[in-house]
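Q: Let us go through this structure one feature at a time. Please give the general idea behind each feature, then the case at hand.

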Amino acid sequence: MKGLPVLSLLLWMCAVYLVGIYLFVGGFLLVRLEVNRTSTCGDVLEPGEEPVDFCRAQPRFRRAVILIIDALKIDFARFDPSKTAPRPYENKLTVLEEIVSSRPSQSRLYPFRADPPTTTMQRIKGFTTGSLPTFVDVGNNFASSAILEDNLIHQLGQMGKRVVFMGDDTWESLFPKKFYRSLPFPSFNVKDLHTVDNGILQHLYTTMVGGDWDVLVAHFLGVDHCGHRFGPDHPAMADKLTQMNGVIRSVIDRLQNDTLLVVMGDHGMTDTGDHGGESQKETDAALFLYSPSPIFPGPPSQNDPDVVPQTDLVPTLALLLGIPIPYSSVGQVLLPLFRPREAEDAVGGLSQLEALWINVKQVNRFLETYSGMAKDIAPESLSQLKDEFAHISSEYLSTVREARSPSPQLASSLQAYLTSVRDTCRATWARFNPLKMAAGLAILAFACLMCFVLSELSLALIKENGAGLKALAVVALTAGISVAAAQLFTQGYIEATWCLAASAFSSELFFFWTARRLNTPAVSKNGTKAPKCVRWLTPRRLLVPPLVVPLLRCVSLLSDSYVIAEGRVVTFLVFSLALYIPIHLNWDGLLLPPSHDPLKTAGLLPSPALSPSTVRKESSTLLACFGLFICSMYLSLSFHGCREEQGFCQPSPFLSPLSRLQDSQIKNLHYILSIVSLGIFTYLLRQCLCHYGNLNSSGGTVFTARWILPLLSVCLGLHWAVSATPEDSFRNLAELLRLAQLALPRAAFCLLGLGLCLIWLDPLTVFVKTRAAASARSSHLPPPRYRASTGISPQAELHHLIPQIYQRMRRSLEDGELSGGSEVDNRPAVEAYGLGTVYSAPVLLFCGMLGIGLLLLHPEGMAVSFLLLLLEMGAVLYIHASSVTLSGLNGAYSGGFNVPWTPVVLWSLAATQFFHATGHLPTFPSIQWSAAFVGFPNGHTGTALPASLVTLNTFASHILFAVSCPLLLFWPLVCEARGSRGGRAGGEEGEDAVMEMRLRENPQQFSSALLQLSTRYLFILGAQVFSSVCAAAILRRHLMVWKVFAPKLMFEASGFLMSSMFLLIGVTLVLRVDVAVGHWFKRLVPDASR
């Protein structure tokens, strides 16, 4: 088999796709331009002839205490006395209601609305800089880098104010060396509810009593972590909120009159405790303001805002503390905190009009600077804003100079200007690079076409023996170097993006030229032209049902309604395409045995390739597997999650970990169901290997199947039991349980790694027995029975001994070296168990081991979904095998080993179906972050490992279907024992089935079929990515682009990356098995090795 050309072509195809994705994403998901300028005291001047240093004026507050309770949604802060039986998260922060009702001039409680994405790092950036985040910022949440824009922490430090921080260590990475004193605590372990909070409480009160601080920032994480671990509706949330209630009360008791208290949440949470998206439950947090001295004119009035945007906190705190507003802030001051103009007897500070004017000047200065640098704000919008500022500026300055009372509309005009600027910035801060987007689209479009052409020309390319690959590499390298040299000569630096683009595009063009040459008709000796390959780029070849179904799905990706409901729609498409197989066979008259024809009996017409009994058996198998397929498919709908837009939807109860379930009976039932599913999964995997005689040898793969696989399942079951145990259930065994939570998953990871390595290093599952050895013992002992130790039947044994291979070997040797004597009972001198499934067995076991390892990263209830995945995968394989067998009834099968489009498309759609059936959605809030802590309950020191675990969890279905894709090539050969296929490549009339050994007899066709299967699978995946890219490009100004289409693009691109990576691993494993089989033949028969 020519493995290197196959692997090289696939690597090149994947690289071209990834270059196209990289180019488009680089042009589509750009971070907005940051203005790295800093506000100073001279920038904020009072109107008048002489400049006045704003910073020297007496601020309204000398100190501030900022308590950030992570994920404190507004529902947690409100108090409803009518609820006699409140839920765990309701009516727990009683101190807020007491203070607001008893001291209305000293306190307020507001809904505090965050801008999406609602992840902690972006929220900290938002309420310290006053700027708006962009979509791509969500990727930085676990790789926080220092904030370079002007921000409150920097301004406080510039003014000499001592900022003391304690809590979430994210602040330390965002503001390195900016604090007077800091006490950071690790934040990533969402299962730890107390370490950060208790660490803060050890220092909070003593720090407040001391005098060495001006601004105290404390960021509590317990509420957020409790939401992630248990959800808001859990007794642990009640305990945590009660603790926070006590903290707020204690802090209020220690405040001085010149101190402002700010209690706030950075974001909310969904009903499942997650966040990151833009639903109102995720964006609406709580903001509580209090001071021992009066700061409000009276009780809440109509002038109080209904909702406070998070960016408004920045200019408000800055002016209250007497520091400049950060340069890039687009927030608006919170007017009730500033004295009305007529309240001259109020205690110090700016009036409302003065605060608004300073705010307007700062925002206008930023707008002028930004518009001069970025050039992306629409000219008409910019002109309108400039005219609006000129008008209100003239009116305000004339009012001040003439010392007259301002008109009632002036404050409203100033507020309206600030709102207009923020809305304009929000609308334009999706900066696109059209050139990169167009280049990425072009490369992806050509890559899809190239993948299709490559699948049709796979045999011709394999016959070239890699000659074209070298030229392809030379062309790509030459183009990349030429563009790099041109860039260096013209602009003095190299932009690697365009070098990669040139390499990819030139290699695509060269491939099309090569394909045209291979497709040119060749002139035969008699002068006639014989086409080397059929014409396949015709509507008749392209518009067939197997390709129309993925085409419909790709077109539907332009609809936000389809993306929202994709889980169920894809299930329907999978069912429709599977139903096409028996309907098509029945239409061609292949599903039932042919009627009796006397001409065939008389020998005047050729008899059918299959006997009626074989046809009936294959049809029964196909229909039975189709029934199993339908059951698995529709049961998988019970494991779907819910998007925010699906208001009527209820997420599957199996998505909740057992530790969240409070009803012990339901918890036990879920655990038993999970254990049974895991046991059936393991049993079916071993039974399949046993049935085909692959558990008789003593190699590494058989050791993995016999011992490591069941041990891995046992570790998984014990880990689920330990994880489901409440922390306070066995206080005497608490330390042992903590050790088990650490040791069991890590032991499972080690077993998984050991098993996969053994499969890779020793993939053969063949057991060899010689008749000579048996005869030598027969005079002393009863005749031994060489069967699988798990009880394989005699009939199955005869099916899978593969004696013909060795008959041919003996015939190929002149002296009959192998026979060692005459045959007994017409049986061969050498018998090999499991040789007929030598390729599929290690791939199947590799996939099964990987499936159990990925199940470890999911909630326990997903064991049932993984079992359904295995059943559906097996059903598709047997449907495909029976379809191929029945297609040979009238010669419909084209010969060779090529896999038709239908099972390939079905395989790829099933991967998407089970992406949803394992509880995943193409949205950031649906990411199962708990996977990062499986085996690492105490958190991580870096981000690479947790990111890898979360990625493996999210794309588990993509991984399993991609790595097992070669089974589509092997399974019709595996099932050959059920009926003769004399029409298959290399078959001889009247001989028994040799199954996968046909592939060894036809190495070129083997290589071609494997390449064709892989490129067809890549084509379907690439077409899905291309459609998502088109949707994002065409609808980039659509209302739902950042909520629906951009996340879908990111998930499709990431899914393609994982699928292509594991498809290459699966193909490489097949090549590794082929090499091992070659070495095995060479050791067995040195002169007859192939």
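A: Start with burial: buried means under 20% relative accessible area, exposed over 50%, and partly exposed in between, with a 1.4 Å probe and protein chains only. S964 has a relative accessible area of 0%, so S964 is buried. This is a predicted model, in which local features need pLDDT of at least 70, side-chain atom pairs count only at pLDDT 80 or more, and totals for chains, interfaces and linings use all residues. Residues are numbered from 1 along each chain as its sequence is written, and side-chain values use heavy atoms, with hydrogens and water left out.

Q: Where is S964 found?

A: Helices (H or I, at least four residues) and strands (E, at least two) are DSSP runs, numbered from the N terminus. S964 sits in the loop between α35 (956-963) and α36.

Q: What does the side chain of S964 lie 2.6 Å from, and which residues does S964 touch?

A: A polar contact is a pair of N or O atoms within 3.5 Å; within protein, one must be able to donate a hydrogen and the other to accept it, and residues adjacent in sequence count only if both atoms are side-chain atoms. Here a polar atom of the S964 side chain is 2.6 Å from the backbone oxygen of L960. Contact in the wider sense means heavy atoms within 4.5 Å. Not counting residues up to four places away in sequence, S964 touches V843, C847, M873 and W907.

Q: Is L973 buried or exposed, and in which helix does L973 lie?

A: L973 has 0% relative accessibility, so L973 counts as buried. The helix is α36 (residues 967-974). The C-alpha atoms of L973 and G836 are separated by 8.3 Å, although the two residues are 137 residues apart along the chain.

Q: How many residues of the whole protein chain count as buried, as a percentage?

A: Of its 1090 residues, 56% count as buried. The chain has 39 helices and 12 strands. Among contacts between residues at least 6 apart in sequence, 80% join residues at least 24 apart.

Q: Which residues have the most contacts inside the largest nonpolar core?

A: In soluble globular proteins, nonpolar side chains tend to be buried together. A nonpolar core is a set of buried Ala, Val, Leu, Ile, Met, Phe, Trp, Tyr and Cys residues joined through side-chain atoms within 4.5 Å. The largest one here has 195 residues, and F28, F511, Y839 and Y1017 have the most contacts inside it. Helix α39 (residues 1041-1084) supplies the largest share of this core, 21 residues. Apart from this core lies another, of 72 residues, among them F165, V333, L335 and L418.

Q: Which residues is Y839 in contact with?

A: Leaving aside neighbours within four places in sequence, the partners of Y839 include F970, E996, M997, L999, R1000 and F1006. V1070, V1073, D1074 and V1077 are also in contact with Y839.

Q: What is the strand order of the open sheet?

A: Two strands pair if DSSP finds at least two bridges between them. The open sheet has eight strands in the order β4-β3-β5-β1-β6-β7-β2-β8, with mixed pairing. Its edge strands, β4 (181-185) and β8 (308-309), each pair on one side only.

Q: Which way do β1 and β6 run, and how many bridges join β6 to β7?

A: Strand β1 (residues 63-69) and β6 run parallel and are joined by six bridges. On the other pairing of β1, six bridges link β1 to β5 (residues 215-220), again parallel. L67 has V263 as its bridge partner in β6 and stands opposite A218 in β5. Four bridges join β6 to β7 (residues 284-290), and these two strands run antiparallel. There L261 stands opposite Y290.

Q: How many residues of β6 are buried?

A: In β6 (residues 259-264), six of six residues are buried. T259, L261 and V263 point one way, L260, V262 and M264 the other.

Q: Which residues of helix α20 are buried, and why do they line one face?

A: P546, L547, V549, P550, R553 and C554 are buried in α20. Seen down the axis of α20, the buried residues fall within an arc of 155 degrees (taken over the directions from the helix axis to the C-beta atoms), so they line one face of the helix.
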